Amino acid sequence: FVGARARRWRPATLGRVLASLARVHRVLGLPDPTKNEDVRAAYRAAVRRRAAAGQGGQRQAAGLTAGAVRAMLALLGGRLIDCRDRALLLAARDLLARRSELVALCVADLAPTGDGGATIRLGRSKTDRTGQGTYQYLGPPAYAAIRAWLRAARLTDGPLFRSVHATGRVGTGLHAGSVSAVLKKLAWRAAPALRRQGIDPEGVSGHSCRVGMAQD
């Protein structure tokens with residue numbers, strides 16, 4: 001299995017699959033085959049082959065074009081989780097914020113502007129040495145999506161972006177890893193359209209919006 005997949009997958013992808021297989025075996029109470037020395041040796045050999053061929057590095061997450069964002073938004077409907085995902089994607093696009101900054105956004109820090117947009121306070125980050133935070137602009141589409149999410153979720157304070165249970169119940173604030181999961185989910189749904197634009201869905205993650213939005 002390792003030898004066959006190593007010809008098609010990068011080491012990081014193969015490593016994630018092996019970790020998932022290990023977890024499944026542990027849950028089932030079965031011996032973990034990934035700890036077998038032959039399997040480990042095969043994985044190390046795959047890493048060496050990739051490195052020798054100059055293919056061992058990770059893909060750089062692609063900056064999302066406006067067309068890619070439209071493709072991801074087009075598949076969202078009117079469910080509560082769709083409202084959340086739409087607001088999160090548009091906020092990430094407008095703010096160019098890190099994942100940790102996105103999940104730290106608070107409802108109370110939103111302030112409408114006269115043009116239909118809003119400002120929102122980004123809390124302390126690595127570039128904010130005074131700890132005062134900075135106010136960033138959200139365009140009208142992003143602010144409209146956020147207002148729709150807040151109405152649907154009946155939120156008036158606390159974290160702006162929350163988890164949504166399968167039952168439709170709104171939970172606690174998202175954690176940074178959830179941003180990557182949401183964007184990857186949207187990217188895979190829109191995979192055909194993204195590939196036509198030269199974007200690998202597997203390369204879309206939470207920091208792709210932080211890298212910057214490429215132009216169409």
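The legends below describe several close-up views of one predicted model.

Because this is a prediction, local features are given only where pLDDT is at least 70 and side-chain atom pairs only at pLDDT 80 or more, while totals for chains, interfaces and linings use all residues. Residues are numbered from 1 along each chain as its sequence is written, and side-chain values use heavy atoms, with hydrogens and water left out.

View 1. In one of them, the side chains of Arg79 and Asp82 meet with 3.1 Å from N to O. Asp82 is buried at 4% relative accessibility, whereas Arg79 is partly exposed at 47%; buried means under 20% relative accessible area, exposed over 50%, and partly exposed in between, with a 1.4 Å probe and protein chains only. In another salt bridge, the side chains of Lys185 and Asp85 come to 2.6 Å, N to O. Lys185 lies in helix α8 and Asp85 in helix α5, so this pair ties together parts that are 100 residues apart in sequence. Salt bridges that share partners join Arg84, Asp85 and Lys185 into one network. Asp85 is buried, with a relative accessibility of 0%, while Lys185 is partly exposed at 26%.

**View 2. The salt bridge between Glu37 and Arg44.** The closest N and O atoms of Glu37 and Arg44 are 2.7 Å apart in this salt bridge. Glu37 is partly exposed at 46% relative accessibility, and Arg44 is partly exposed at 39%.

**View 3. The polar contact between Ser180 and Arg99.** Ser180 has its place in helix α8, residues 176-189; helices are DSSP runs of H or I with at least four residues, strands are runs of E with at least two, and both are numbered from the N terminus. The side chains of Ser180 and Arg99 are joined by a polar contact of 2.8 Å, a term for a pair of N or O atoms within 3.5 Å in which, within protein, one must be able to donate a hydrogen and the other to accept it, and residues adjacent in sequence count only if both atoms are side-chain atoms. With a relative accessible area of 10%, Ser180 is buried.

**View 4. Asp32 and Ala22.** Asp32 is found in the loop between α2 (11-27) and α3, and with a relative accessible area of 16% Asp32 is buried. Although Asp32 and Ala22 are 10 residues apart along the chain, their C-alpha atoms are separated by 5.5 Å.

View 5. Most residues other than glycine have a negative phi. Leu96, which is not a glycine, has a positive phi near 50 degrees and lies in the loop between α5 (80-95) and α6 (99-103). Leu96 is partly exposed, with a relative accessible area of 36%. Arg154, also not a glycine, has a positive phi of about 60 degrees, and its place is the loop between α7 (140-153) and β4 (162-164). Arg154 counts as exposed, at 76% relative accessibility.

Conventions:
A salt bridge is a side-chain nitrogen of Lys or Arg within 4 Å of a carboxyl oxygen of Asp or Glu.
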